[in-house]
Amino acid sequence: GSPLEGIARRRSIRRFAATPLSQSQLATLLRAMTGEAPQLSPALRVDVLTHAVQALAPAAWRYDARGQRLLPRTTAQADLRQQSRAAALGQDVIGDAAAVFVLSIDRAAFAADALGPARGYRHAFIEAGLLGERLYLQGGALGLGVCAVGAFYDDEVSQLLGVDPALEWVVHLAAVGVPG
């Protein structure tokens with residue numbers, strides 16, 4: 001269908017099956033999210049917590065959009081689902097997801113915006129919204145469920161990712177999986 005039909009059908013899915021994502025699905029989602037180039041801000045960083053992705057350990061990964069590859073942020077964590085759920089205020093949608101996409105904003109990058117840090121701050125949050133919407137639309141096109149989550153403990157999510165909160169702000173989580 002058309003992009004407008006996809007937008008009209010877009011819904012948050014909060015229940016997931018135990019089915020893992022394929023690496024191909026994950027790669028397609030990441031490419032769709034990041035697009036050709038940032039629209040307004042180069043300050044966004046995309047990380048993924050892989051709870052159940054074929055051939056990937058349960059760990060945190062940083063997406064390198066230019067190289068279209070995942071870079072390990074943490075070592076394998078057997079209890080990653082439980083840690084993720086706890087960091088998201090106990091929300092099952094995060095713990096039950098096959099993968100959790102995490103957006104953070106690089107503080108130095110938004111502050112370097114040509115129109116100044118105040119505008120850079122706004123641009124970074126608009127860019128985060130664009131990435132989140134692309135994830136929803138591509139997830140829907142692949143038959144996957146997506147659920148955005150804005151309630152989480154900043155420090156705990158930063159620790160799960162291996163992100164220094166003095167350098168990056170975690171601003172958004174999105175659970176993805178096969179609808180249950």
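Is Glu168 buried or exposed, and what is its relative accessible area?

Author: Please keep in mind that this is a predicted model, in which local features need pLDDT of at least 70 and side-chain atom pairs count only at pLDDT 80 or more, while totals for chains, interfaces and linings use all residues. Residues are numbered from 1 along each chain as its sequence is written, and side-chain values use heavy atoms, with hydrogens and water left out.

Glu168 is buried, because its relative accessible area is 10%, and buried here means under 20%, with exposed meaning over 50% and partly exposed lying in between, for a 1.4 Å probe and protein chains only. Glu168 lies in strand S6, where helices (H or I, at least four residues) and strands (E, at least two) are DSSP runs numbered from the N terminus.

The side chain of Glu168 makes a polar contact of 2.9 Å with that of Arg62, and another, of 2.7 Å, with that of Ser104. A polar contact is a pair of N or O atoms within 3.5 Å; within protein, one atom must be able to donate a hydrogen and the other to accept it, and residues adjacent in sequence count only if both atoms are side-chain atoms. If neighbours within four places in sequence are left aside, Glu168 is in contact with Arg45, Arg62, Ser104, Ile105, Asp106, Arg107 and Val163, contact being heavy atoms within 4.5 Å.

S4 pairs with S6 (residues 168-177) in the antiparallel sense over 8 bridges, two strands being paired if DSSP finds at least two bridges between them. Within this pairing, Asp106 stands opposite Glu168. S4 also pairs with strand S1 (residues 44-50), again in the antiparallel sense, over 7 bridges, and there Leu103 of S4 is the bridge partner of Val46.

Helix H2 (residues 23-34) belongs to this picture too. The buried residues of H2 are Leu26, Leu29, Leu30, Ala32, Met33 and Thr34, and they pack against several elements, including S1, S4 and S6.
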